[in-house]
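Subject: Handing over the structure

Hello,

Here is the structure I promised to pass on to you. Have a look at it first, and then read on for what I found in it.

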Amino acid sequence: MASVESSTEFTSSLTVSSNLPPPRTRIFKIIVIGDSGVGKTCLTYRFCAGKFPEKTEATIGVDFREKLIDIDGETIKVQLWDTAGQERFRKSMVQHYYRNVHAVVFVYDVTSAASFRSLPAWIEECKQHALGQEVPRILVGNKCDLLNSVQVGTDLAQQFADAHSMPLFETSAKNPGSGDGGSRGSSDHVEAIFMTVAHKLKSQKPLILSQPPGGVLAGDTVTLRRGRNDSEEKESWACSC
Ligand SMILES: Nc1nc2c(ncn2[C@@H]2O[C@H](COP(=O)(O)OP(=O)(O)OP(=O)(O)O)[C@@H](O)[C@H]2O)c(=O)[nH]1
């Protein structure tokens, strides 16, 4: 079980489901990594809350969002760990978020060649934490709505994705469906990207097999704050990472 430092603040966005999860919901942990400013927070927020956040600040440590989704008739819980891109905000949390990971989403900004050039370092960090090619991984180029500022073309990104055996998606957290999406027409929708990952996960062993109806597990209790743009209401939660 992870011991979470008291100073660490996890953020739980809305679980987008009006129904309570069934008592034995399988939970899958997906980490989202990439340089600071590529849009990791916006992408995870878009998926979990269904909208683009009005304002974001640099993530400190890790934010935590989750969503219940239905895959082939089974409700599973997807936990998105939105990690800090800035080194100084990552150090204390790195060990925690690389534990029990089911899938990795690498993000770069299509308008930033530097963020693309950083990808090998992020892949290497995963390797150092024993996350190799056996863990489903995808590559996401974000900010496709900024058509006139693109620095990383689809062909180059596709070559990189192929070389690392990852599917490539190009999207915009701000305006999904916008952009020219390179050779594929309009850009991918954020929802569809994460659902693709979820489908890959379905056949895997979950992080946690059971969850009491109330949603609280015997484990380390941490304090979660609702998403930046939601209420600041505090709530207790169990972290079983
Ligand atoms: N135009 C455009 N701007 C975006 C998009 N996604 C994110 N942004 C902007 O990019 C900036 C950084 O977004 P974040 O989601 O905070 O980036 P991050 O990767 O989480 O950054 P760290 O928390 O520092 O690691 C913000 O000003 C967002 O509004 C997008 O798809 N299009």
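Setting aside neighbours within four places in sequence, V140 is in contact with L43, V105, F106, V107, F169, T171 and I193 (contact is when two C-beta atoms, placed from the backbone, lie within 7 Å). V140 also belongs, with I30, V32 and V105, to the residues that have the most contacts inside the largest nonpolar core, which has 52 residues. Such a core is a set of buried Ala, Val, Leu, Ile, Met, Phe, Trp, Tyr and Cys residues joined through C-beta atoms within 7 Å. In soluble globular proteins, nonpolar side chains tend to be buried together.

Before going further, please note that this is a predicted model: local features need pLDDT of at least 70, side-chain atom pairs count only at pLDDT 80 or more, and totals for chains, interfaces and linings use all residues. Residues are numbered from 1 along each chain as its sequence is written.

The protein chain has six helices and nine strands (DSSP runs numbered from the N terminus: H or I of at least four residues for helices, E of at least two for strands). Of its 241 residues, 40% count as buried, meaning that 20 or more other C-beta atoms, placed from the backbone, lie within 10 Å of the residue's own.

Nine of its 10 residues are buried, so α1 is largely enclosed by the rest of the structure. The buried ones are K40, T41, C42, L43, T44, Y45, R46, F47 and C48. Their cover includes the strands β2, β3, β4, β5 and β6, as well as helix α6. After α1 comes G50, with a positive phi near 80°.

How do α1 and α6 cross? Their axes (lines fitted to C-alpha atoms over the stretch in contact, with angles from 0 to 180 degrees between N-to-C directions) come within 9 Å and cross at roughly 85°. That makes α1 roughly perpendicular to α6, a label for angles of 65 to 115 degrees. Here L43, R46 and F47 of α1 meet V190, E191 and F194 of α6.

Finally, the ligand: 20 residues surround it, and S36, G39, T41, T59 and G85 are the closest.

Best wishes

Key. A residue is near a molecule or strand if its C-beta atom, placed from the backbone, lies within 6 Å of it. A residue is buried if 20 or more other C-beta atoms lie within 10 Å of its own, exposed if 12 or fewer, and partly exposed in between; C-beta atoms are placed from the backbone. Angles under 35 degrees count as roughly parallel, over 145 as roughly antiparallel, 65 to 115 as roughly perpendicular and the rest as oblique.
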